Amino acid sequence: MTSTYTTSTAFLEALAEAGVSYIFANLGSDHPGLIEALAQVKAQGREDEFPRLIVCPHETVALSAAHAYATVTRRPQAVFVHVDAGTQNLGGAVSNAMRGRVPVLIFAGAAPFTIGGELPGSRNEFIHWIQDVPDQRGILRGYVKYDNEIRTGRNVKQLVHRALQVARTEPAGPVSLVGPREVMEEPVEPYTVDPAEYPPAAPAGLASDVIAEIANALAAAQKPLIVTSYLGRNPDAVPALVELAELLAIPVLESAAFCVNFPGNHYLHAGYQFTTTAQNPVLAAADVILVLDSDVPWIPATSKPGPDAAIYVVDIDPVKASLPMWHVPARRIAGADSKVAVEQISRFVRDQVLIDAGVQFRSAVVEDASRVRRAALDALERPEHDVITPRYLTACVRELLAGADALVLTEAITNYQVVAEHLRASRPGSLIGSGGGSLGWSGGGAVGAKLAAPERVVVSLTGDGSFLFGVPSSAQWVARRYGTPTLTVIYDNRGWAAPRFSTLQVHPDGAAARADDFHVSFEPEADLAGVAQAAGGAYGVRVSDPGELPGVLKDALAVVRGGRSAVVSVQLPPV
Ligand SMILES: Cc1ncc(C[n+]2csc(CCOP(=O)(O)OP(=O)(O)O)c2C)c(N)n1
Ligand SMILES: [Mg+2]
């Protein structure tokens, strides 16, 4: 067997050198160079020096897995897909990676550009004509931070490191490369490029006048408030926020949060909000509000700050150019890494001794309020008329995971708020969501999360619709093949509650409301747990009796700890 060093070999080497552990792949006629290169390094006994290829029968699963892996580790992974067809199948998953500000490198082959056998890799299958499209790179262009074409193997390593540098620089995000077959087959001389020469941009802080302005405003406030959505993407930022909040007794409200931004059990936690239908009193009462890392700090049509509130925005993505319509009426908007910024503000408060007696008083008031709010929520954690409610289910999950080193994925949709309020995740990094709007992330996400944190118990809380969007046939198969057992708990209301809710918000007395005709029911329901059993040999069970629920969950978790995935479809009141 002759061994060749090609663009594909160099490409794979560059990924390894950059610290990529996994390639989540869905392969095609564009990938012979890569398949051959991987086989050659394996034959040479060098397999361990290269990323491991994880076969994903659906692209949604591949990208969602890479997304969750990078969310947990903050290290980007690679996704390989097939020309335009596989790229199209990434669909909503790339939108999620963009909105979640998650770094990932997506590679797709491209149809060969020679048709007469001029070069190794020239067209030799009918599909090569059909898959030659005018703008393959354009498919992802609205959703990636950077896209480029590999034109030669001689600088493919530089391209990989540049792409990853862009992907990792905050706000992080997906990047894409394409490489036509001939280029991926090109023999090149082995070479090295030092990835250390391509670091992401270092985290930036606030200018000193902005630090002083925000710190003074917070310290002088009667009712200061911090609103945040994604500061906790960096778990190390959470203790920094706790310190600032405690220094000045500032309550923290989590808005549309898909990570732990502030410990749920902290006395300064001011609650969670997703899609609000009523004014949040905490928000209305605040006189100074610091919005830290948030795309949606509130929904002005239903809940907003008072007209005189002084609002400050500090965000890694301060003006959000990728959101065509966005506005927060802020006195000051500043771009900074939230950990650095919060530490700067705390230091200023301490150095300038801005803490007065009012802080202690406010601390007691806020603590009381959070105790009352917690008690009101606790009282709701019971079944109603022998039916499992989402709140009761979430309380059972919380009890199940008490003391466990659990990593929870949330894709509970109309139950996002319930999950946040009753799970009350407190450890930084213990809860993650896609951060995007395309459903089906948690199926592949669970695989990626488990690969990233093999020692942790990974649990997905998902709607039944979202479970199906996640291509469970593919996700569960991958989980068994690669030994990533996780627990999936389906908030199974047998349909899509969300579009029904949306219609009722806009047309509360319309014809759809009167006839209860929303086209959202999944009756007769598919055997969701059965899908997982069939595809991945998972343990599957359906439960509707509230009394049985804790035991069923416990058994399922034991199965997962034993190395086999489990899916529990929990029957909630139907949509
Ligand atoms: C890929 C994708 N398709 C469609 C939608 C629109 N959508 C938003 S919520 C929802 C229903 C989700 O159903 P389920 O997961 O069962 O949650 P529930 O609404 O029942 O709480 C749909 C279809 C979407 N967000 N993403
Ligand atoms: Mg549902």
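The structure is a predicted model, in which local features need pLDDT of at least 70 and side-chain atom pairs count only at pLDDT 80 or more, while totals for chains, interfaces and linings use all residues. Residues are numbered from 1 along each chain as its sequence is written, chains are lettered from A and ligands numbered from 1 in the order in which they are written, and side-chain values use heavy atoms, with hydrogens and water left out.

D464 counts as buried at 1% relative accessibility, and N493 counts as buried at 9%, where buried means under 20% relative accessible area, exposed over 50% and partly exposed in between (1.4 Å probe, protein chains only).

Over the whole chain, the secondary structure comes to 22 helices and 18 strands. The radius of gyration of the chain is 25 Å, close to the 25 Å that the globule rule gives for 575 residues, so the chain is as compact as a globular protein of that length; the radius is taken over C-alpha atoms, and the rule is 2.2 Å times the number of residues to the power 0.38. The C-alpha atoms fill a box of roughly 80 × 60 × 50 Å along the principal axes, and buried residues make up 57% of the 575 residues. Of the contacts (heavy atoms within 4.5 Å) between residues at least 6 apart in sequence, 77% join residues at least 24 apart.

Two further positions were examined individually. A70, in helix α3 (residues 59-73), is buried with a relative accessible area of 3%, and apart from residues up to four places away in sequence it touches R75, P76, V102 and P103. The C-alpha atoms of A70 and A449 are separated by 8.5 Å, although these residues are 379 residues apart along the chain. T276, in the loop between β9 (269-273) and α11 (281-285), is likewise buried, with a relative accessible area of 14%, and is in contact with I299, T302 and S303 when its neighbours within four places in sequence are left aside.

How values were computed. Helix = DSSP H or I, 4+ residues; strand = E, 2+ residues; numbered from the N terminus.
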